[in-house]
Amino acid sequence: MRVMLIDQDRGRAAIVEQSLQDAGHEVVARLASVERLSQEVEAHQPDVVIIDIESPDRDALENMSVVSRDNPRPIVLFSEEDSEESIAKAIKAGVSAYIYDGMRVDRVRPIVDVAVARFREFQALRNELDETRTQLEDRKVVEKAKGLLMKHRGFDETQAYHAMRKMAMNRNQQLVETARNVIAVFDLVGDDGI
Amino acid sequence: MDPTNTKTIYQPEKRRLTLGFIPLTDCAPLIVAHEKSLFEKWGLDVELKREVSWANIRDRVIIGELDGAQMLAPMPLACTAGLGSVTKAMLAPFVLNLNGNAITLSTALHRELAELAGGNDVGDVGRALQRLIAREQVEGRPKRTFATVFPYSMHTLQLRLWLKHHGIEPDHDVRIVVIPPPQMVANLHHGHIDGFCVGEPWNTLAVQRGEGRIAITGYEIWNNSPEKVLGVTHAWAKAHPQTLKALMAALYEACAWLDDPEHRLEAAQMIAEAHVIDAPEAAIAPSLTGRIQMGRDEPIVELPDFNVFHRYSANYPWWSQALWMLEQLPLDSDLADGEGLLPRLAAQVFDDRPYRELMQDLGEPLPIERSKREGIHATNWQETPGGLTLGADRFLNGQAFDPPG
């Protein structure tokens with residue numbers, strides 16, 4: 001895991017960096033403040049950004065993960081005043097994991113581990129959702145193309161499906177690509193065509 | 001606390017509250033309620049906590065570290081709809097203010113556009129920006145960069161609406177970044193951005209320092225749009241119904257006090273003296289007093305509705321406006337397409353029941369309807385003959401928004 005650390009408190013950042021390294025993570029950058037956050041992220045390509053909760057750059061970071069899913073998610077925040085209770089609540093709510101000031105090295109690792117685990121969980125969930133969505137979309141496209149062939153060519157469902165399979169094989173395409181072409185063609189020529 | 005001055009119609013379940021805010025001119029209702037002891041009057045002991053980011057505000061309200069906070073109007077909607085890092089049912093029972101934003105361009109860019117446009121006319125400058133961007137695309141120049149304050153904010157919606165209105169595709173033709181309000185002027189100065197949409201005092205500060213020129217006010221993009229709201233979690237509101245109404249009552253009185261033009265200068269002093277914003281009173285006063293300079297060395301323009309805190313039933317949470325905002329947000333299609341889902345979500349977050357009960361308790365007037373058409377009134381209008389006066393509601397693009405049923 002490539003980690004970027006943003007913390008004004010250099011001493012604290014050093015502790016966190018050490019404990020991240022002990023846990024087998026790579027700290028690709030340690031910054032006190034961020035003049036141009038998106039450029040820094042682009043340059044270092046971190047998976048995760050650990051950021052001080054008192055950093056105004058949190059909003060910018062959050063926006064980056066909104067506009068592009070390739071950008072890292074901010075996951076761990078430091079807070080000087082947060083109680084252990086609020087840390088626990090935050091983790092449970094999925095906000096982020098909190099590390100509070102005056103921490104001991106041995107306390108950092110479990111919190112980072114929880115945060116990283118949450119990050120992976122979230123990624124997996126999102127990938128799964130994307131996949132399901134794509135499959136659903138593809139099926140809709142194929143169904144629509146099949147419907148058009150049945151309507152305009154007088155095919156029954158099986159014939160329409162086989163016709164498309166054959167086209168796809170001939171053109172070395174995926175079925176969904178062929179289906180898209182079929183729909184595009186019918187769109188072009190209108191309902192009376194072919 | 002003076003007990004004789006304490007309103008006893010509510011028995012707050014919780015008296016000591018912590019509320020979060022972001023240092024901006026329109027945090028005024030919270031500052032005024034605090035400085036004028038209005039929270040105390042309603043039996044509350046409120047600590048105001050200045051936060052550095054909107055994400056902090058949201059997260060701290062969600063985990064219960066803050067009882068409530070000043071929030072960007074689209075924020076509780078985004079949170080409830082699962083946009084951003086956390087999903088949590090939120091409530092925006094009270095609108096803190098209308099308007100207050102502007103889009104400011106760097107002085108250099110605005111000068112170039114004014115030359116292209118042959119003047120400072122708002123529409124001509126916008127069209128000139130489209131021509132300039134089209135030309136720069138052909139020349140292979142890097143995209144222009146504009147900043148907003150948070151992904152789910154009226155600022156983002158206003159910036160996108162303005163760009164689109166002039167034929168500029170926000171997701172393609174320009175780069176939109178998020179920068180915290182206090183850092184906007186410095187980023188403009190260093191040339192990291194070409195312009196921004198932000199609340200006051202940051203537009204005025206850019207103008208006064210000669211760094212920027214206001215291209216268009218938020219008011220001109222959508223007249224009297226909801227800007228900041230009181231945001232609490234649904235669960236908190238359910239557990240503290242009396243506290244919520246006492247809190248809303250104090251804020252209602254603060255907003256009423258603030259909207260008297262006689263009080264605006266005092267309010268500017270109060271905010272400056274509270275040392276919550278790193279800007280001088282000279283930068284805070286113009287928008288509050290409605291006397292704005294679009295550019296340095298330019299004449300003062302009278303814009304009395306630049307900040308609206310109370311008039312036009314400003315504090316009422318219109319679910320139709322919530323619906324409009326929801327429809328602008330980048331929601332998942334399965335949510336956006338769900339039958340009647342968005343209207344239900346809008347009504348849940350902008351729940352007007354606490355407000356209606358409060359107005360009845362206070363003997364104050366209430367809108368008859370729960371929703372209204374937007375984009376059809378160019379001037380003030382009355383809900384019914386002799387009834388409540390509501391403000392203009394036009395959109396820059398001239399479109400109307402008709403809420404269902």
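A residue is termed buried if 20 or more other C-beta atoms lie within 10 Å of its own, exposed if 12 or fewer do, and partly exposed in between, with C-beta atoms placed from the backbone. The model is predicted: local features need pLDDT of at least 70, side-chain atom pairs count only at pLDDT 80 or more, and totals for chains, interfaces and linings use all residues. Residues are numbered from 1 along each chain as its sequence is written, and chains are lettered from A and ligands numbered from 1 in the order in which they are written.

**View 1. The loop at A:Gly154.** A:Gly154 lies in the loop between helix H5 (105-153) and helix H6 (157-170) of chain A; helices (H or I, at least four residues) and strands (E, at least two) are DSSP runs, numbered from the N terminus. A:Gly154 counts as exposed because it has 9 C-beta neighbours inside 10 Å. Its C-alpha atom is separated by 20 Å from that of A:Ala168, 14 residues apart along the chain.

View 2. Strand E3 (residues 48-52) of chain A is mostly covered, with 5 of its 5 residues buried. A:Val48, A:Ile50 and A:Asp52 point one way from E3(A), and A:Val49 and A:Ile51 point the other way. In a regular strand the side chains alternate between the two faces of the sheet. Strand E1 (residues 2-6) of chain A pairs with E3(A) in the parallel sense over 4 bridges; two strands pair if DSSP finds at least two bridges between them. A:Met4 stands opposite A:Val49 in E3(A).

**View 3. The two sides of helix H2 of chain A.** In helix H2 (residues 37-44) of chain A, A:Leu37, A:Ser38 and A:Val41 are buried. They cover an arc of only 95° around the axis, which puts them on the same side of H2(A); the arc is that of the directions from the helix axis to the C-beta atoms. A:Gln39, A:Glu42 and A:Ala43 are exposed on the other side of H2(A). A:Gln45, whose phi is positive, near 50°, follows H2(A).

**View 4. Domains 1 and 2 of chain B.** Chain B is divided into domain 1 (3-98 + 225-281 + 307-372) and domain 2 (101-221), with bounds from an automatic or database domain assignment. The C-alpha centres of domain 1 of chain B and domain 2 of chain B lie 28 Å apart. In chain B, 21 residues of domain 1 are in contact with 14 residues of domain 2, contact meaning that the C-beta atoms of two residues, placed from the backbone, lie within 7 Å.
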